[in-house]
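Subject: Structure for your files

Hello,

Here is the structure I said I would pass on. My notes on what was found in it follow below.

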Amino acid sequence: MRCVFVGTPGFLGRIDSDTRCAFWTREPVDHGFDPGQLIAVDLARTPSAAAAKEIGWDEVEVDDCFAGPNGTLCGTTLGPRWPELSLSGAVYLEESFAARVGLPCPPEGMDCHDYECMTVAYHPGTADGRAGNRYTGHHAEILDERGSLAKVAVWAPGRSREPHTRPVVMWLDLDSPEQCDAGPDSLTTLRTGPAGCRTGALFLISGTLSTEEES
């Protein structure tokens, strides 16, 4: 079981409490600060809160703010105190929530693949090898392969179609949940072998829920 999230730019438009707020997905000056375009969300309804049994998994609305590779902030970075007052940033809405509010993926004005704007968190405590893991979507291309091992060119999320963006090249095991979303119904579409997919979605690991709870 898992929660999939869809990312969008966010501009803080209203603060209702320490964790509840409303945001615009577009620069507010472009639509005259239209309150009708605000999306209300509770930033406390996250996978880490569900993992800690503070809410049910069906109540998750938004991804956490978490440290990704090299210590960069990933996930939701907008909010009254998430991790500090941020008037603009990224918001990752749970996919069914995003569908209810009509959030496009990729966001309006962004030229990239939809999976470059997505994250996924697998529920901990299950028999799935991905249990408790987080993954972030990237566009990637297989350059060479040795069984399930693949040499891949990986673009930064949201930037694969920018003309001068250079990918990072790495070797990884496409069958290893410790490296990427690999397993039943995986969001990773890259596959090695004669019938494999050589260009597409690669969801790289970006931490674990258990690590966040212990820190």
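Gly79 sits in the loop that runs between β5 (73–75) and β6. This glycine is buried, with a relative accessible area of 0%. Its C-alpha atom and that of Val41 are separated by 9.9 Å, although the two residues are 38 apart along the chain. Please keep in mind that this is a predicted model.

Next, the aromatic residues. The structure holds two aromatic pairs. One is formed by Trp24 and Phe33 and is edge-to-face, with 5.8 Å from centre to centre and 85° between the planes. How exposed or buried are the two partners? Trp24 has a relative accessible area of 6% and is therefore buried, the limit being under 20%. Phe33, at 46% relative accessibility, falls between the 20% and 50% limits, so this residue counts as partly exposed.

The other pair, Tyr122 with Tyr135, is edge-to-face as well, at 5.9 Å centre to centre and 85° between the planes. This pair links distant parts of the chain: Tyr122 is in strand β7 and Tyr135 in strand β8 (residues 133–146), 13 residues apart. Both tyrosines are buried.

A charged side chain also meets a ring: Arg134 lies over the face of Phe66, at 4.4 Å from the ring centre.

Some notes on the backbone. Most residues other than glycine have a negative phi, and most peptide bonds are trans.

- Phe33, the partner of Trp24 in the aromatic pair, has a positive phi, near 55°. Phe33 lies in the loop between β2 and β3.
- Lys53 is not a glycine either, yet has a positive phi of about 65°. Lys53 is placed in the loop between α1 (47–51) and β4 (65–67). With 74% relative accessibility, over the 50% limit, Lys53 counts as exposed.
- The peptide bond from Cys105 to Pro106 is cis, and its omega is near 5°. Pro106 is found in the loop between α2 and β7 (118–122).

Last, a pocket. The second largest pocket holds about 190 Å³ of space. Its lining is made up of 13 residues, and those nearest its centre are Thr8, Thr25, Arg26, Pro104 and Glu108.

Regards

Note on methods: Residues numbered from 1 in each chain as written. Predicted model: local features only at pLDDT ≥ 70, side-chain atom pairs only at ≥ 80, totals over all residues. Heavy atoms only, no water. Helix = DSSP H or I, 4+ residues; strand = E, 2+ residues; numbered from the N terminus. Buried < 20%, exposed > 50% of the residue type's maximum accessible area, 1.4 Å probe, protein only. 1 Å grid on protein atoms, 1.4 Å probe; cavity = no way out; pocket = protein on both sides within 12 Å on 5 of 7 lines; lining within 4 Å. Points joined across faces, edges and corners; volume = space filled by probe spheres on them. Phe/Tyr/Trp six-rings, centres within 6.5 Å; stacked < 30°, edge-to-face > 60°. Lys NZ or Arg CZ within 6 Å of the ring centre and 35° of its normal.
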